[in-house]
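Q: I'm new to this one and I'd like to learn how to read it. Can we go through it feature by feature?

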Amino acid sequence: MALSATSLHRQKHELSEPAYQLTVLQQGAQFPEFAAQLQQHNLYPLKPTGATILQVNVGKMCNQTCRHCHVDAGPDRKEIMTRETMQLCLDALVKSPDITTIDLTGGAPEMNPDFRWFVEELSKLGKQIVVRCNLTIILANKKYHDMPLFFKEHKVQVVSSLPYFAASRTDAQRGDGVFDKSIKALQLLNEVGYGKAGSGLQLDLVYNPSGAFLPAAQQSLEAEFKRRLKSGFDIDFNNLFCITNLPISRYLEYLMQSGNYESYMEKLVDAFNPAAAASVMCRNTISVGWDGYLYDCDFNQMLELHVSPTAPQHIRDFSLAALNKRDIILNQHCYGCTAGAGSSCGGQTVA
Amino acid sequence: MEKTYYDPADLKKFGDITKLQPEMGNKFFDYYGEVFKEGALTAREKALIALAVSHAVQCPYCIDAYTSDCLQKGADENQMMEAVHVAAAIKGGAALVHGVQMMNKIKELTM
């Protein structure tokens with residue numbers, strides 16, 4: 001399927017509106033309400049277990065326009081975090097020692113002109129830094145060619161999407177030529193030590209299905225990815241994270257356009273797993289938007305579902321104690337994180 | 001009788017066969033579940049075998065179910081088509097090898 005070069009936002013597509021997406025998600029009257037599902041398992045209201053991760057979305061700008069992107073990111077998106085807001089994140093981290101990990105996402109986070117400054121400042125705070133790197137950005141422009149060395153210098157954990165170990169399904173999801181560039185970028189990361197035993201430089205891959213189906217068991221698929229990437233391209237990596245696609249934004253558009261929406265929701269609902277519900281990532285993560293507003297996760301952020309009104313709303317008012325007391329905001333898309341073995345930005349949540 | 005023999009919605013009702021003779025049905029589903037667990041063969045390898053057999057027995061329910069299952073378990077399209085060719089080769093071979101029987105009979109009946 002050909003990829004559209006523009007975001008839903010640029011196309012003024014009705015699904016670029018969070019309110020419309022929520023309407024679509026609510027229409028499936030045949031699916032039980034997610035909140036009621038949690039109630040049945042004594043998990044409602046859903047409370048944090050205590051945040052240890054701050055996930056910061058530094059902007060929607062990206063060099064790719066992936067078919068499944070929940071951010072609706074792309075080259076035409078201009079919303080990016082300012083240095084002032086980054087400084088507010090740093091201030092929040094200084095007063096929150098319980099937050100040990102900072103997870104940078106986008107868009108392509110590297111495209112934010114203050115990205116390097118932000119990573120350097122975070123590095124001084126001694127936090128574990130994760131960067132969700134789409135790989136192709138490293139080759140997109142000369143100014144990004146030294147990114148593997150920059151990551152190495154700050155011991156950044158690199159987490160990169162590679163939906164498949166072959167070009168066919170990777171390019172169908174991420175764009176023509178993305179597979180070959182991703183392979184090249186992985187080889188460059190390997191060259192500086194990433195993914196190599198004993199280097200202490202962690203390189204993890206993210207698998208999400210290129211279509212209307214759920215991901216495989218992580219351990220088994222990781223073994224297959226390792227075998228195929230090693231034999232085909234001499235690539236090493238640490239872990240494979242299997243992530244379920246959530247029915248929002250461009251993936252929702254794909255589901256509706258391909259006539260798969262109802263059957264996909266049915267798959268998610270049928271696969272509801274209470275153990276996965278108990279270990280969802282919103283219980284230990286707080287998400288920050290490009291403009292500094294706070295959310296329970298990156299998906300809620302894209303649906304403009306802010307954290308509960310009882311909690312601080314903006315990074316400038318950050319209080320971990322107050323946020324740890326909040327009720328997590330739920331909706332029907334949450335079924336994506338509780339299906340089967342569970343799903344989070346760190347992959348499967350239950351063994 | 002329905003207007004068509006096969007309805008995709010019936011696949012989801014497979015479990016309902018236990019409404020009659022539940023002991024037999026439940027034993028079958030327990031066995032089925034056991035067979036498809038990760039074992040000496042991986043769950044992905046078993047899904048590919050199931051896909052091949054689905055074609056050999058020409059069961060549309062099974063083709064639907066195991067195409068999804070193969071994708072979900074991370075099999076690639078080429079592996080899936082190769083599995084179908086294995087089924088086709090065995091089915092074709094099974095027809096052709098009987099040519100020997102035919103030739104034996106020819107020999108018996110002709111001068």
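A: H2(B) and H4(B) are oblique to each other. They pack at an angle of about 45 degrees, with their axes 8 Å apart, and H4(B) covers residues 77-109. Keep in mind that this is a predicted model.

Q: What is the handedness of the crossing of H2(B) and H4(B)?
A: The crossing of these two helices is right-handed.

Q: Which residues of H2(B) and H4(B) meet?
A: From H2(B) come Leu48(B), Leu51(B), Ala52(B), Val53(B), His55(B) and Ala56(B). Facing them in H4(B) are Gln79(B), Met80(B), Ala83(B), Val84(B), Val86(B), Ala87(B), Ile90(B) and Lys91(B). Sorted by class, this contact of H2(B) with H4(B) has 11 nonpolar, 2 polar and 1 charged residues.

Q: And at what angle do H2(B) and H3(B) pack?
A: Here the angle is about 155 degrees, and the axes lie 9 Å apart. Because angles over 145 degrees count as roughly antiparallel, H2(B) is roughly antiparallel to H3(B). H2(B) passes H3(B) in a left-handed crossing. On the H2(B) side, the contact is made by Ala47(B), Leu48(B), Ala50(B), Leu51(B), Ser54(B) and His55(B). H3(B) brings Cys62(B), Ile63(B), Tyr66(B), Thr67(B), Asp69(B) and Cys70(B). Those residues divide into 8 nonpolar, 3 polar and 1 charged.

Q: How do I use a database record on chain B?
A: Read the record for its span, then look at that span in the model. An unreviewed UniProt entry lists "domain: Carboxymuconolactone decarboxylase-like" for residues 22-102 of chain B. In the model, that span is 83% helix and 0% strand, and its end C-alpha atoms lie 45 Å apart.

Q: How do I read the place where the chains meet?
A: In general, the size of an interface is often given as the accessible area lost when the parts come together. Here we can go by residue contacts: 11 residues of chain B are in contact with 9 residues of chain A. On the chain B side, the elements that give two or more residues are helix H2 (43-56) and helix H3 (60-72). H3(B) gives the most, with 3 residues. By class, this side of chain B has 2 nonpolar, 4 polar and 5 charged residues.

Q: Now for chain A. What is the order of strands in its sheet?
A: Read across the sheet, strand by strand. The order is E6-E5-E4-E3-E2-E1-E7-E8, in an open sheet of 8 strands with mixed pairing. At the edges are strand E6 (240-242) and strand E8 (294-295), each pairing on one side only.

Q: In what sense do E5(A) and E6(A) pair?
A: Strand E5 (residues 203-207) and E6(A) pair in the parallel sense, over 3 bridges. Within this pair, Tyr207(A) stands opposite Cys242(A) in E6(A). Helix H10 (residues 218-233) of chain A lies across both strands, E5 and E6, and runs at about 135 degrees to E6(A).

Q: What does UniProt say about residues 56-195 of chain A?
A: An unreviewed entry gives those residues the annotation "domain: Radical SAM core". In the model the span is 40% helix and 13% strand, with its end C-alpha atoms 24 Å apart.

Q: At what angle do H8(A) and H9(A) pack?
A: Helix H8 (residues 167-174) and helix H9 (residues 178-191) of chain A pack at about 105 degrees, with their axes 8 Å apart. H8(A) and H9(A) are therefore roughly perpendicular to each other. Ala167(A), Thr170(A), Asp171(A) and Arg174(A) in H8(A) meet Val178(A), Phe179(A), Asp180(A) and Ser182(A) in H9(A). This contact has 3 nonpolar, 2 polar and 3 charged residues.

Q: Where does Lys155(A) lie?
A: Lys155(A) is in the loop between helix H7 (147-153) and strand E4 (157-161) of chain A. Its phi is near 50 degrees, a positive value in a residue other than glycine.

Definitions and conventions. Residues numbered from 1 in each chain as written. Chains lettered and ligands numbered in written order. Predicted model: local features only at pLDDT ≥ 70, side-chain atom pairs only at ≥ 80, totals over all residues. Pairing = 2+ DSSP bridges. Helix = DSSP H or I, 4+ residues; strand = E, 2+ residues; numbered from the N terminus. Contact = placed C-beta atoms within 7 Å. Axes fitted to C-alpha atoms, helices over the stretch in contact; angles between N-to-C directions. UniProt positions renumbered as here; feature names shortened; annotations may be inferred. Nonpolar A, V, L, I, M, F, W, Y, C, P; charged D, E, K, R; others polar. Parallel < 35°, antiparallel > 145°, perpendicular 65-115°, else oblique. Left-handed = near helix turned anticlockwise from the far one by under 90°.
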